[in-house]
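Look at the model shown here and keep the sequence beside it. The paragraphs after it go through the structure part by part.

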Number of protein chains: 2
Amino acid sequence: MEWSDLRVFLAIAREGTLGAAARKLGQTQPTMGRRLQALENAVGHKLFQRTSEGFVLTDEGAAVLNHAERIEDEALAFQRQLAGQERQLDGLLRITASDWFAEHLLTPVIAEFARAYPRVTVELLTDTRFLSLSRREADLAFRIRPFDEPDIVSRKLLHMPYGAYTAADYPPPRAGDGEGALLITMDSAFGNMPDVAWLQRVLPNARVAFRSNARAVQARMCMQGAGVAVLPLPLGDALAGLRRIDLGEDPPARETWIGYHRDMRRLARLRALLDLVVARLAD
Amino acid sequence: MEWSDLRVFLAIAREGTLGAAARKLGQTQPTMGRRLQALENAVGHKLFQRTSEGFVLTDEGAAVLNHAERIEDEALAFQRQLAGQERQLDGLLRITASDWFAEHLLTPVIAEFARAYPRVTVELLTDTRFLSLSRREADLAFRIRPFDEPDIVSRKLLHMPYGAYTAADYPPPRAGDGEGALLITMDSAFGNMPDVAWLQRVLPNARVAFRSNARAVQARMCMQGAGVAVLPLPLGDALAGLRRIDLGEDPPARETWIGYHRDMRRLARLRALLDLVVARLAD
DNA sequence: TGGGACTCATGCAATTATGCATGGAGGACG
DNA sequence: CGTCCTCCATGCATAATTGCATGAGTCCCA
């Protein structure tokens with residue numbers, strides 16, 4: 001049995017089709033089919049049932065899926081641990097943060113970092129889903145909640161105040177009412193975020209006109225006069241066409257947390273970036 | 001990183017040289033060198049130091065050895081679990097037992113089994129070291145001690161009486177003395193086995209003339225008139241040239257235990273053999 | 001009912017990895 | 001000090017694997 005074929009097995013189990021699994025592993029569909037066949041021959045069992053809905057695990061396949069997953073965990077840990085021992089200040093750093101945070105707060109810091117350490121390549125990903133630090137989809141993550149995953153080192157970076165904004169020429173809504181005003185909020189997929197609840201409380205009669213999962217997009221819509229948005233102050237104050245309005249009370253603030261995997265503690269380039277981020281952004 | 005290369009890494013770490021690792025994996029020395037190089041390139045670290053005494057792990061290599069070993073465990077469990085679900089009565093069964101036990105007690109039982117299940121290939125290994133059930137070096141093991149490994153199902157099979165033997169024309173030693181008599185005992189590597197201690201107690205003035213790790217060899221030497229040996233009764237009584245002698249008390253008897261891996265419980269061919277072994281040998 | 005977007009299987013060519021053979025380097029031993 | 005044995009590195013021919021291209025089947029939708 002080839003251990004590498006277990007990777008193919010996992011990919012097919014997760015993706016459901018040979019083609020998707022191939023894309024995930026950077027190989028081709030015929031190869032996936034043949035590697036799977038080789039694995040099944042080696043262990044003497046059909047691991048998948050070929051159905052019209054793709055490849056679904058047989059009982060035998062499902063029974064051994066856990067083993068394959070643990071193998072993957074160990075293989076990732078193997079690589080992570082070696083990566084964490086790198087001492088030289090070059091290589092790749094992957095960072096993930098929310099769109100506006102990356103755009104308005106991180107870019108200047110990272111630009112400074114890039115000047116200081118020109119041999120380090122920085123990848124800054126603004127993905128709405130949480131990238132996994134364990135799988136090394138990212139080396140460093142900024143989030144609005146503490147990290148509850150095991151083996152993740154996390155610390156509070158800063159306190160982020162929010163404010164309500166409109167376009168400069170937008171008629172200011174009346175606090176406690178908001179009749180006629182339009183609201184710009186987070187995507188409904190995010191559930192009820194505290195600032196959305198706050199907005200609907202202080203402007204109960206206003207109507208939600210636009211949603212987006214990106215604060216930066218909300219800010220731009222707000223500049224276009226589409227309504228009232230709750231934005232982090234660094235974002236709202238940075239855009240010239242926006243006016244901060246007073247609705248009697250401030251929207252709830254949020255904390256920003258920073259996290260990285262324990263195995264990466266001693267990664268020199270990560271520590272260098274971390275030091276700079278804390279020096280420039282921590283309050 | 002190729003997961004299969006981790007197997008190469010493990011083999012080199014254990015064997016110390018490329019050639020030995022290659023023999024273990026059934027490949028060739030150049031391949032091992034190249035696969036290791038590929039792995040080191042993939043993870044960006046030298047995992048071994050090339051010394052005059054062979055390949056020794058670097059700090060980085062030693063740090064990730066545990067991960068590779070856990071991967072191996074899971075890969076073995078993966079295969080074991082699938083093997084345990086086999087239903088048809090063919091395939092391979094590996095059995096390990098001591099030399100004389102295999103020769104005198106197991107061969108008739110296994111011959112009967114082979115007649116009943118002609119499509120099952122039986123491998124009977126008489127290795128003095130304990131083969132590992134977990135690594136599937138053997139599917140079924142007979143030992144003189146209970147099994148203390150985790151996940152091993154073990155049960156007592158039978159009570160094995162021992163007796164003292166000499167060649168038929170050998171002058172019978174006097175119990176409690178033994179002056180002039182020669183002793184045949186277990187290999188010194190086995191430490192003090194109870195029958196060796198017994199022999200030296202009832203014949204304190206006798207001298208150890210020959211040692212072997214194999215009871216069958218001891219028995220043959222005894223037949224040649226080389227001295228007094230303590231042998232299991234089924235072995236001693238089976239050899240025509242041997243005479244059982246009375247030294248006032250019987251040597252200590254031993255138990256025989258049988259063990260197999262929990263994952264193999266439902267392996268039909270193993271169960272079939274187990275049933276037959278118990279029916280023919282258990283007391 | 002036909003076209004498009006999927007799926008997987010298979011023949012074929014090019015790439016890649018493998019094993020064999022050889023050479024050089026380092027001990028062990030007479 | 002030569003001989004022998006073992007080790008690893010490397011060139012080269014062969015074998016194995018891969019990717020591409022294609023075909024057949026399925027599903028969905030106009």
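The text below takes up the domains, then the surface near a DNA strand, and then the salt bridges.

This is a predicted model, in which local features need pLDDT of at least 70, side-chain atom pairs count only at pLDDT 80 or more, and totals for chains, interfaces and linings use all residues. Residues are numbered from 1 along each chain as its sequence is written, chains are lettered from A and ligands numbered from 1 in the order in which they are written, and side-chain values use heavy atoms, with hydrogens and water left out.

Begin with chain A. Its parts are domain 1 (3–84), domain 2 (91–159 + 255–281) and domain 3 (162–252); the bounds come from an automatic or database domain assignment. Between the C-alpha centres of domain 1 and domain 3 of chain A there are 47 Å. An unreviewed UniProt entry places the feature "domain: HTH lysR-type" at residues 1–58 of chain A; UniProt positions are given in the numbering used here, feature names are shortened, and annotations may be inferred rather than shown by experiment. That span is 62% helix and 14% strand, and its end C-alpha atoms lie 19 Å apart.

Now turn to DNA strand C. A residue is near the strand if one of its heavy atoms lies within 4 Å of it. There are 14 residues around DNA strand C, and those that come nearest are L18(A), Q29(A), T28(B), T31(B) and R35(B). Of the atoms of DNA strand C that come within 4 Å of the protein, 59% belong to sugar and phosphate.

Which parts of the strand do single residues contact? A polar contact is a pair of N or O atoms within 3.5 Å; within protein, one must be able to donate a hydrogen and the other to accept it, and residues adjacent in sequence count only if both atoms are side-chain atoms. L18(A) has a backbone N or O atom 2.6 Å from a phosphate oxygen of DNA strand C.

Helices (H or I, at least four residues) and strands (E, at least two) are DSSP runs, numbered from the N terminus. The most, 4 residues, come from α3(B).

The last topic is salt bridges. A salt bridge is a side-chain nitrogen of Lys or Arg within 4 Å of a carboxyl oxygen of Asp or Glu, and the count over all chains is 33. In one of them, the closest N and O atoms of E74(B) and R70(A) are 2.7 Å apart. This pair crosses between chains, from helix α4 (residues 59–84) of chain B to helix α4 (residues 59–84) of chain A. E74(B) is buried at 15% relative accessible area, while R70(A) is partly exposed at 38%; buried means under 20%, exposed over 50%, and partly exposed in between (1.4 Å probe, protein chains only).

Another salt bridge joins E249(B) and R201(B), at 3.1 Å from N to O. Here E249(B) sits in the loop between β11 (242–245) and β12 (254–261) of chain B and R201(B) in helix α6 (residues 194–202), 48 residues apart. In chain A, a network of salt bridges links R14(A), E72(A) and R135(A).
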